[in-house]
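User: Hi! I am new to protein structures and would like to go through one with you, a few questions at a time. Could you help me read what is shown here?

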Amino acid sequence: RTRLTTDEFLEEGAMHIFYTNAEVASHNEKMLAKLTTPEVVVSAIKTTPPGYTPKIKKHGVIDNTQFMDVLRFKIGARVKLTFNINTVDNLVNGSQGKVVGYERTPTGAVECIIVSFDDAETGHNQRLQYPSLSSKYAKENGTPIFRHELEYQVTSRSGHYHAARAKILQFPMKLAWASTSH
């Protein structure tokens, strides 16, 4: 109980714990709005079986995945990974850090998001694999995170799984000033 507070915002590194995903999303949106850097919006690329429309939950994830339909971030935003990218490199679901930059393709699409993870060793091998990006963000210990493809089974309206599969191509992260607890 000594950790309970009525303060709306604590220090930047403090994790706010809420009961519901809606409360988490609301807090994360408020914190994102406080940043003065430009907002970047990345929509997921979805490939689905004919006639199937993915369900977007109230807190923005697609179906029963942890991939965001629309990822909104700014430089300075707290984020966490929502998918195991490389377990040996500690790029795992739940790893947290701060966005320190992003790179675009020649067509203007976001190619990678550069994250400075709380644990300086997280992403070490990833940084070695992309030396030109890593050197550009060396001062912040920035690790490039790329879009990932997730293939999953679709469900019927009643929640039963089918053999049909859908694919999502999105950055495996979400805002992380707040989280739910179980």
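User: In which sense do strand E2 (residues 40–43) and E4 pair?

Analyst: Strands here are DSSP runs (E, at least two residues), helices are DSSP runs too (H or I, at least four), and both are numbered from the N terminus. Two strands pair if DSSP finds at least two bridges between them. E2 and E4 have four bridges, and the sense of their pairing is antiparallel.

User: Which residue in E4 is the bridge partner of Val40?

Analyst: Before answering, a word on the source: this is a predicted model, where local features need pLDDT of at least 70 and side-chain atom pairs count only at pLDDT 80 or more, while totals for chains, interfaces and linings use all residues. Residues are numbered from 1 along each chain as its sequence is written, and side-chain values use heavy atoms, with hydrogens and water left out. The bridge partner of Val40 in E4 is Phe73.

User: Why does Asp63 count as buried?

Analyst: Asp63 lies in the loop between strand E3 (45–47) and strand E4 (70–73). Its phi is positive, about 45°, although Asp63 is not a glycine. Asp63 counts as buried because its relative accessibility is 5%.

User: Is Asn90 buried or partly exposed?

Analyst: Asn90 sits in the loop between strand E5 (78–81) and strand E6 (96–104). Asn90 is a residue other than glycine, yet its phi has a positive value near 60°. The relative accessibility of Asn90 is 33%, so Asn90 counts as partly exposed.

User: With which side chain does the side chain of Ser179 make a polar contact?

Analyst: Ser179 belongs to strand E12 (residues 178–180), and with a relative accessible area of 13% it is buried. A polar contact is a pair of N or O atoms within 3.5 Å; within protein, one must be able to donate a hydrogen and the other to accept it, and residues adjacent in sequence count only if both atoms are side-chain atoms. At 3.3 Å, the partner of the Ser179 side chain is the side chain of Lys80.

User: How far apart are the C-alpha atoms of Thr36 and Gly76?

Analyst: Thr36 is in the loop between H1 and E2. Thr36 is exposed, with a relative accessible area of 80%. Thr36 and Gly76 are 40 residues apart along the chain, and their C-alpha atoms are separated by 9.1 Å.

User: Which element gives the most to the lining of the largest pocket?

Analyst: On a 1 Å grid over the protein atoms alone, a pocket is an open set of points where a 1.4 Å probe fits, with protein on both sides within 12 Å along at least five of seven lines; lining residues have an atom within 4 Å of a point. The largest pocket is lined by 28 residues, and Asn21, Val24, His59, Met68 and Lys174 lie nearest its centre. Helix H1 (21–34), E4, E5, strand E11 (173–175) and E12 each supply at least two residues of this lining. With five residues, the element that gives the most is H1.

Key
Buried means under 20% relative accessible area, exposed over 50%, partly exposed in between (1.4 Å probe, protein chains only).
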